[in-house]
Amino acid sequence: MTLFPLVLSLILALLPVGCSRPSRPSQVRPVALRDPVAMLVLPDRARWTPESAEGAVLLRQLPDGTHQYLMQRLRIEVRPDGSLRRAPDLLPASRTPVSSLPLPDRLGGGFLFVTSGSSSSLWRSTTFLGRLASLVRLPVSGVQVVAGTDRLLVRMLSGDRVWGVDPETGAVGAALPLPVAPRYGGIAFVDARQGAVYADLLGLMVTRDAGVSWRSVPLHEPPKALVAEELSEGVVVQVGSRKLRVDPATGTLSEDGPALTPTGQVASSARETSNRRPWGVTAPLRVAIEEGWPLLDGTAVVFRAGRVVRVKLEDGSVLSSFSPVEAEEAASCLPVRFGADVGFVCGAPGQGTKLYVYEPPGGVALVLSFAAPRRIVPSQNGWLVVHGSCDSDAPGGAEEGVGKYCILSPVGGRREVLTRGDVGVERVVALSDGRVAVVVPPRGSSDGVVTLLPAESNGTTRTMSVQPGEDAALLRRGLWLDGMYEVVPGEVGGWIEGGGRLVGVRIRLAEGSVQVGAPQEGLFLSVVGPAAMVAQGSEALAESLDGGFSWKPVEMPPALGQGKLGSGLRCGVAGCVVPFERGTWLRVGWGKPADPTDLEDAQEGNVTFSSRTIPRPLRLTCSLGVQETLKESEVLPPPRRRFVVAVPPAEEAPPGPLPSFLGVPPPSIPEGALALSEGTASGTAARIYGWVPRGVAAGRAGRLLVRFEDRFAPERPVRSSKITVASWQDEQALRDAMGQGGVGVAFHGLGDPGGKAMLLSACQGVQCSLFSVVDGRPVTPVAPPDDDGFGRLVAPSASALWHDEAFFLAVNAGPRVDVWKVEAGQPRRLAKIPRVTTFNNQSAPVTLVRRARGGLIGLLTRGASSAQSEQDLFLLPIDPTTGKTGDMLRLGASDLSWVAPRVCSPEEDGWLIDLQPMTYPVMTLPPGVRLGEVELRARVEPSSICLEAGAARLLDSATIGKQASAPTPPVAGSIPLLATSPNKRVTLYCRP
């Protein structure tokens, strides 16, 4: 009801008259006094709950039709009968959407919830709506949780790490029983024995023995989702728009209908109807608040459209529903207190008014009926005041300036009161002792009048005692709301609305004195007997339970996206309906909160896991060997710099104009030739020299020479191909090939870990040509196969090695890496290896490596699939002839802290790997030496590691020690470490 000013009216004398005769026999049915089943006063314990799940995120639908939602941080369940239950506490604020996981019985049942901020927190509850218990906090900002065989598997969304978490204690351990892999995509376990995982470099794997063994499943593209279903149905795999099912027992895939429907969709509206809902409405709890009366057992009884329904006030569930009488579908009934019972005043458009009394458990008894619509007002003491005559067939309004009121006693008596004058301004109250009070409010200069009628005769009149002041103005100008009530014997109360304020008043009948409560300003209000709620602005509520003589602020529901207060505030005996801009909340009950901790944030425990360990850095003690000063050297040319030399005829070209490479002079150029030189822009440092005779087409006279760096070989740091007959025929073809003919060419070196060979890629955009370069052999072009992935090679995403007279090339091709074998310039695809992409749709780099003395090659990558280290080395062996892959090897932490490195013996085998330790080595260096980007060539096995050589970038510094005139022999038990800068090369001997 909106506050508005009242137009003043004149007050004429009111002449109360005794009980008049009824024109028809009485229809009043006496109500026997009995122990009350209803609450006779307002509930004094309140709780907030949303009216519906509109706008919430749907998490899942249960088989019985129950929907589970998340309204930002509040968990909600909506059942088919329209009942809504909510959790008692809130999940903490989360940077990413909160995820929910039902836990299987093997993990203790209940539910798991994950919130994310600067870290990720795991919460557990025994039921979906149960109180939250903090399980563990992990030091990452986003995780995905899967129910494993005997533990929770927690995977980082932005990285590689997977933890195993005990579902009872939160203890963090190994991610068993997953197969060894650098990182994982989807993970799903059907039960304690059967599961599937999509693993990096391994693809889709299934187990039927709790991870003791894993079987590969042929799947040619990464799945969008893995979902574990019932034991008999296995694991569902979503691939693109298809839905496949994998049988863990056989490792086979089969089609299984349309694609999966993702969860986490926003519920556009929860206002759907169901045959199981009374009256066809969505929220029975709202109906119970607006039209119901609370009973002593925690329910509210509602009588609507001929149906008596008991609604549980905790969640709005319907406990019983009866149809004791026939009624119009549009009939609505408002509850009133009638004696110690619940009465219902019912009416329908165009129909009369009926008064019923509730008879447990689901019946109603007709007390009386009126042919015309009547207004029946409770005096809040069990007595009722009917506007109009007691004659059931008489019209409901006033007749010829005479106001008529019928006083109904809860024990069956009736009394008719007549008033004359300015009919309609009076307020009639039935008192519990049988008397009747007629209150005429003061207006203008006229004082108000209180007339008290004894039970069976005319009464006495008292003039109201109104004191001058601000309260007097509100009493005289405001609207005295209908529905005044008996406060205590001898005192009546009511409400006045005017000027944007609401105020309560009390009148002592004996002397007519008026007490005025505390005025309350507000935009919207609702009044129920002595209780009222007022909206103070758009963000606050206040309520009074004592007729407006004291007000208390109402604790608002948590801000869960509903916005500010809106219009339409409406209260009933059982609570209030409070509209907001984007949703309606229900306040069940009145007064203080039923639970002071209700809807507070769940408290996070002190269980925090940190995976960070203090690594043990590699220690090297180095002595000075040979140092050389490089003249006119240039490892990489400055951007856009070109070297063009025109050699005069009949003269030998001087070596000076072409750049040297790491101190090695450029090749001699025949006279009368155009010579160009380019360097690699990335990868292995190399320089390409090309020349062609000037003038006419040269036929096969073009020549090519490639020199490249072996960073780990102090005795021979520069390797070189033979001078090779080139494909270009003239000067323009040479310029085009070297990127000086108008279209730029980027050169990239893919070096073999042994240092004696490299693949050279020349790329124009994403189109690349490959050349194999082996020390002491001619340069060989690689013929492009009929395969788009090879032709669109982007050089930095590839790696290469030279093994048994053949080149092997690994190319990242989206969701997989292709391994090629190149023999005599002819490539063939050796294997397709599946990849798992990271959160930004990228896959971690892989590098081809080989055995130092064996016949296998392998793909090396880094990952952190365990909780024990920051980065591990993982290697997938590949047969170089068939392309068949072996078992994944975990070689240990890439910081080399898992074992004390030693110097390799000449005959020792192992995986030959160039490593750049994640933790910078602690190095004891000769005076004046400063190094950066230290790399080590090692032979690695899962249980051992030895060092073969080292390489580093020599930082600018002063003269280093004494210039050695001859090579210094290696120090026993040390490895050579070659440190280079653009103008200096130093050999160090380092002992681990």
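## A buried tryptophan and its partner

Trp495 counts as buried, since its relative accessibility is 4%; buried means under 20% relative accessible area, exposed over 50% and partly exposed in between, with a 1.4 Å probe and protein chains only. The model is predicted, so local features need pLDDT of at least 70 and side-chain atom pairs count only at pLDDT 80 or more, while totals for chains, interfaces and linings use all residues. Residues are numbered from 1 along each chain as its sequence is written, and side-chain values use heavy atoms, leaving out hydrogens and water.

## Aromatic pairs

Seven aromatic pairs are found in a search of the whole structure. Rings of Phe, Tyr and Trp (its six-membered ring) pair if their centres lie within 6.5 Å; planes under 30 degrees apart count as stacked, over 60 as edge-to-face and the rest as tilted. For Phe303 and Phe344, the centres are 5.8 Å apart and the planes are at 65°, so this pair is edge-to-face. Both Phe303 and Phe344 are buried.

Trp495 and Trp551 also form an edge-to-face pair, with 6.1 Å from centre to centre and 65° between the planes. Trp551 is buried, at a relative accessible area of 15%.

## Strand 80

Strands (E, at least two residues) are DSSP runs, as are helices (H or I, at least four), numbered from the N terminus. Strand 80 (residues 984–991) has seven of its eight residues buried, so it is largely enclosed by the rest of the structure.

Two strands pair if DSSP finds at least two bridges between them. Strand 54 (residues 619–629) runs antiparallel to strand 80 and is joined to it by seven bridges; Gln627 has Val986 as its bridge partner. Seven bridges also join strand 79 (residues 975–981) to strand 80, again antiparallel.
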